[in-house]
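Here is a short report on a two-chain model. Look over the sequence and the fold before reading on.

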Amino acid sequence: MLKGETTETVESEDTPQERLLIHLESDFAADGQFGKRFLEVTATEVRVRESDGVVSFHIPVAEIKSARNEPLVGGGQLEITTQGGEIIPIITYSLTLASRFSEAARGIEQLARGEPLQINLEQKRLRCAKCGRLLPEVDGICPACIHRGRTLRRVAGYLRPYRLQAVGLALLGVLTTTLNLVPPKLQALIIDHVFSTHRNYIFLLEMAGIWLGVVVAATLVQILNGRLIAYLAGHIAADLRAAVYRAVEFLQVSYFDKKQVGAIVSRITQDTDRIWGFLVDGMPFLIANALMLMGIACVLFWINWRLTLAILAPMPIVVILSAAFWKPISQMFFRVGQKWARFHTHLNESISGIRIVKAFTRENTEFAKFQARNRELRDAGIQADTRWYTVFGAMTFFIASGGLINWVYGGWMVYRGQMSLGNFVMVNSLLGLVYGPLMWFGDLNQWFTRAMAGAERIFEVIDAEPEPHARGGIRHEIVGEVAFCDVRFGYDKSNPVLKGLTFTAKPGEMIGLVGKSGAGKSTTINLICRFYEPDAGVIRIDGIDYREIALEDLRRQIGIVPQEPFLFHGTIAENISYGRPDARFEEIVEAAKAANAHQFILAKPDGYDTVIGERGTKISGGERQRIAIARAILHDPRILILDEATSSVDVETEKQIQEALQRLVKGRTTFAIAHRLSTLRNADRLIVLEKGEIVETGTHAELMERQGVFYKLVQTQSQVTQIIEIGMV
Amino acid sequence: MERQTPKAIDLKLFYAPADRLRLTVDEERSYITVRPVWAAPLSHPGRYLCLLDGKGEEIVMLENPHDLPPDSWQAVQTELRRRYLTAYVKRILNVRVEYGATYWLVYTDRGEREFVTQSLQENVHWFSPTHLQLIDVDGNRFEIPDIRALDLRSQMLLESVL
């Protein structure tokens, strides 16, 4: 647990009391400059050591009451509260280290309470072990050091089902090269054997015939090539997208907490695009061009090595130029891309918010903003294109100079009779084929790397630890007892949200979870659904540790009516039967009736076939809620979760929803969260949470009588919303 | 219940004990833990300072904290420097864009620092055409209050990536 931490030399005292249990390096010096200081914790003492080895602060563990991470702007400080109640900030650190220091604070508290040290200070990698670069994500991949070879092999694995076509593509590449080299040779032959000698017209026709054959063959090869590329591109792109999507579906919920939806979506779309683009466009192009260059070089040297050397003399300049200008130019185009993104963001925002824009008559302001972005985009585009055409022009000069050298030096050779006119013309035509690929090779490395980086991002998703679907587990028909035994959990391991919850819900019992926001209500529910698993302690269902039950089996028997029900694009009937697509229509109607939804559904012109969700008919929040309830009723779960099911609806609708809920909860173990405490009057038992701990349990009436935390919550609420009558029976 | 908003000059802020900023208003009220917080540090730098009590509730907002008695202002500044770990970039020593990540080496008012930003689109905030804030992958903040105040090389490096 703490291994690898105590790398610094430990002082001579080697008694267990003096052994360093925690040793952390901070990145701010005492004066607020970037620097180094060390937090050292032994079983008996907490101290801060400066970079010069001097201990600048120390306090015996026995004098510590508590310790915590006080968040600062851009970092945090470790604060210790002494037994005397004095609060002392002892060390400051940046956000990079904040989670480790708050874990250390937890450790100090454990020591102060005389508990065994149970913290997780595993060394997070901030820098790449290989090249020393800072990592973009802690413990993430170093984009510069990805195993390009290994990644390439893995990417190439997606070609395997199509290896015949891939080999065909490579062969066609070779064929194209060969065919490209034939016409210049034919030209040479015609010039030397027909033009120079002024006879042998038949030979000309023969050559023309062969030429025609080559052109026809080249055309066919090109068509075949294109068709193969289209086939491979389509298949590989689809396979890659399917692989990533499937992996995303089974990712742990915590993955989605950390990443934005947009970022995940871009992996499925953009990154896969880059890869197939490289596989299908890049690789064949690369192979064909490399072959072509080699072929041409051989032929040129074979014809006349001295002339070839002279012609190729400007080539290094072309290569150097394209390498030198690639980066600034690509950066400029990257900037254009960024400006496009900014432009899009604004456009999106102002058009989706057009009603607000109109309501506040901000058309002119929005237009001004639009114009600013538009101008930025224009200027960036002009700058990048100007530079590109300038450099491109310069390249053309050097390429043209190759031709000029051929005419001067080659022409001189022809004049001296050292080379035939035919060969001279052949060299000239071959030259035209060389320079294009040469310019392109400069970008190759970057292009390749970008594709491999995209691949690595995709594989990161594919390789991320999935939910334990595969672990299997027992199948269990749930009766409905749910028991929390000393359950501890935190999204960020250093900051526990649930601190030892223990309670048991009997089968069929309705439990109301009450508490201020941040008390741990939603977290409790997330754990019941096993979106997350407890860090410590056990959740038992019917006496079985729920991690032993197959995840699929467990989720099948849990139903949720979420706070903001998410409905899919589709008909109302499809949405209600989402959990049981095989349900008969009568069953759907029955569920809708039980959810008080039947009536409003019939009022829609298309009834149950009304299309809702994005781009579908708009439905109100209350209707949405009742469809979600019908969905849960039809799903017929053993354990039901109601997450603020009646928030943000009017009183009449709330009544209807309440009725529906009462039918729904019958006979099921139910956990309900509600902001309006009145809605929990029907609960068998209320559990009042505060800062992750249970502070009260009992029925509504009992808790009101006790005049404790719940009573206060109700009082506050009745002051705030007097419209809603709180049932103080 | 209604109290008149105290004037800056009547506020006495001092450290007691050594690490706790304490506030006495008009010699009649006292707050043992005071946290100074800038209400809008980027759009109104140096103005609108809120003093919060131990529960995080506002005691007073000072439009112009420079009006505090000199000793109090001194104490508040010390506390602010401790609470705001934002570094102000004085010089950009190196910037490289590689494979989607941007690697920075900068010299700031707090010394030299290396950091990485990802997706500049989301992590560079422009408050004016010359004032920007960079947020690195861990959420650490680096501010450039005025690009034109940087040396030419720094400006060029910045220009090359933004």
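Two residues are in contact if their C-beta atoms, placed from the backbone, lie within 7 Å. In chain A, residues 24 or more positions apart account for 67% of the contacts with a separation of 6 or more. In chain B, 33% of the contacts between residues at least 6 apart in sequence join residues at least 24 apart.

The model is predicted: local features need pLDDT of at least 70, side-chain atom pairs count only at pLDDT 80 or more, and totals for chains, interfaces and linings use all residues. Residues are numbered from 1 along each chain as its sequence is written, while chains are lettered from A and ligands numbered from 1 in the order in which they are written.

**The two chains**

Helices (H or I, at least four residues) and strands (E, at least two) are DSSP runs, numbered from the N terminus. Chain A has 19 helices and 19 strands. Chain B has three helices and 12 strands. A residue is buried if 20 or more other C-beta atoms lie within 10 Å of its own, exposed if 12 or fewer, and partly exposed in between; these C-beta atoms too are placed from the backbone. By that count, 28% of the 729 residues of chain A are buried. For chain B, the share is 25% of 162 residues.

**Where the chains meet**

The contact takes 27 residues from chain A and 31 residues from chain B. On the chain A side, the elements that give two or more residues are β2 (34–41), β7 (87–94), α1 (95–112), α7 (315–352) and α10 (421–463). That side divides into 13 nonpolar, 10 polar and four charged residues. Here Ala, Val, Leu, Ile, Met, Phe, Trp, Tyr, Cys and Pro count as nonpolar, Asp, Glu, Lys and Arg as charged, and the others, Gly among them, as polar.

**Helix pairs in chain A**

Axes are lines fitted to C-alpha atoms, for helices over the stretch in contact, and angles run from 0 to 180 degrees between N-to-C directions.

| Helices (chain A) | Axes come within | Crossing angle |
|---|---|---|
| α3 (163–195) and α4 (201–249) | 9 Å | roughly 160° |
| α14 (585–594) and α16 (621–635) | 8 Å | roughly 125° |

Angles under 35 degrees count as roughly parallel, over 145 as roughly antiparallel, 65 to 115 as roughly perpendicular and the rest as oblique. So α3(A) is roughly antiparallel to α4(A), and α14(A) and α16(A) are oblique to each other. The contact of α3(A) with α4(A) has 25 nonpolar, five polar and no charged residues.

From α14(A), A:Glu587, A:Ile588, A:Ala591, A:Ala592 and A:Ala594 meet A:Ala630, A:Ile633 and A:Leu634 of α16(A). This contact divides into seven nonpolar, no polar and one charged.

**A sheet in chain A**

Two strands pair if DSSP finds at least two bridges between them. Six strands of chain A form an open sheet with mixed pairing, in the order β13-β16-β17-β10-β18-β19. β13 (558–561) and β19 (693–698) of chain A stand at the edges with a single partner strand each, so one side of each has no neighbour in the sheet. The twist averages 20° from one strand to the next. Strands β10 (510–514) and β18 (685–690) of chain A run parallel and are joined by four bridges. A:Val514 stands opposite A:Val688 in β18(A).

**One residue on a helix**

Is A:Val265 buried or exposed? A:Val265 counts as exposed, because it has 11 C-beta neighbours inside 10 Å. A:Val265 lies in helix α6 (261–312) of chain A. Its C-alpha atom is separated by 9.8 Å from that of A:Val244, 21 residues apart along the chain.
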